[in-house]
Amino acid sequence: WSDLMQILKNLKENLKKYKDFNMYNVTEKITLSKRLAQCLNPKSLPSGLHEIALELYDIIFENIRQNQNNYLGDDLALYSVGLFPFFQFATVPNKTLYLNNIIKKHYLELKDEEFASCLPGFLTSILPCLDDQNETLIKSIKEIFLKARQKVGERVFYGELWSTILRTHRIRLVGMKYAMESIPIYKAPEENAEEDMKKFIENFYPNLNVLVINALISTIEDENVHVQRN
């Protein structure tokens with residue numbers, strides 16, 4: 001890992017030195033994204049190396065967004081493959097760095113349609129950490145989710161949340177907890193109650209009869225008793 005540390009430091013220095021070079025045009029970007037992802041291995045590499053790797057992601061995203069009119073294109077998927085699985089296993093300082101310098105600074109500043117395309121991985125990555133014991137971290141994640149909802153709209157956000165609950169066993173409990181906490185209790189207005197209820201369901205329970213019902217069935221049939229109780 002000490003050799004990797006020096007390589008990453010050299011890359012960081014070169015990226016800062018040649019700021020005018022558009023990183024979107026790197027010929028070996030697949031290799032680069034793979035190597036950076038490997039540098040985020042939580043089991044065999046130290047948090048100090050993770051920190052430098054995150055700084056490099058920050059520099060690369062900054063470069064591409066400036067040179068590509070805030071558009072990451074195919075690079076968004078390439079680099080997200082390494083970033084998204086890392087967050088759950090990172091140390092608290094690196095989680096904070098990840099949220100501030102990667103998610104808030106870059107992902108939440110993407111164009112709405114581009115951010116929506118990575119929303120499933122985004123939710124799967126960050127949701128498990130709502131069970132963390134660090135209140136500051138939890139507060140930051142909830143603020144990020146609120147901004148994400150404002151960015152793509154409630155219907156898109158909750159559609160992906162219910163989809164994630166349906167297909168991803170490990171986030172069902174925390175996903176249901178977030179749904180219960182964030183979805184408001186419906187209160188019918190005095191006028192246009194039927195239309196208002198329809199809009200409410202479309203926003204918070206999109207595709208109710210298929211997606212949401214099957215997501216709820218998946219929680220009832222889950223092997224984890226805590227998921228069933230929830």
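Helix α8 (residues 135-152) packs against helix α9 at an angle of about 120°, and their axes lie 6 Å apart. Axes here are lines fitted to C-alpha atoms, for helices over the stretch in contact, with angles running from 0 to 180 degrees between N-to-C directions. The two helices α8 and α9 are therefore oblique to each other, a class left over when angles under 35 degrees count as roughly parallel, over 145 as roughly antiparallel and 65 to 115 as roughly perpendicular. This is a predicted model, in which local features need pLDDT of at least 70 and side-chain atom pairs count only at pLDDT 80 or more, while totals for chains, interfaces and linings use all residues. Residues are numbered from 1 along each chain, and side-chain values use heavy atoms, without hydrogens and water.

From α8, Phe-145, Ala-148, Arg-149 and Val-152 take part in the contact, and from α9, Glu-154, Val-156, Phe-157 and Tyr-158; contact means heavy atoms within 4.5 Å.

Helix α9 (residues 154-167) also packs with helix α7 (residues 119-126), at an angle of about 60° and with the axes 10 Å apart. That makes α7 oblique to α9. In this pair, Leu-119, Pro-120, Leu-123 and Thr-124 of α7 meet α9 residues including Val-156, Phe-157 and Leu-161.

The largest nonpolar core contains 67 residues; such a core is a set of buried (under 20% relative accessible area, 1.4 Å probe, protein chains only) Ala, Val, Leu, Ile, Met, Phe, Trp, Tyr and Cys residues joined through side-chain atoms within 4.5 Å. Helix α3 (residues 47-67) supplies the largest share of this core, nine residues. Among the residues with the most contacts inside the core are Tyr-107 and Phe-145.

Key. Helix = DSSP H or I, 4+ residues; strand = E, 2+ residues; numbered from the N terminus. Buried < 20%, exposed > 50% of the residue type's maximum accessible area, 1.4 Å probe, protein only.
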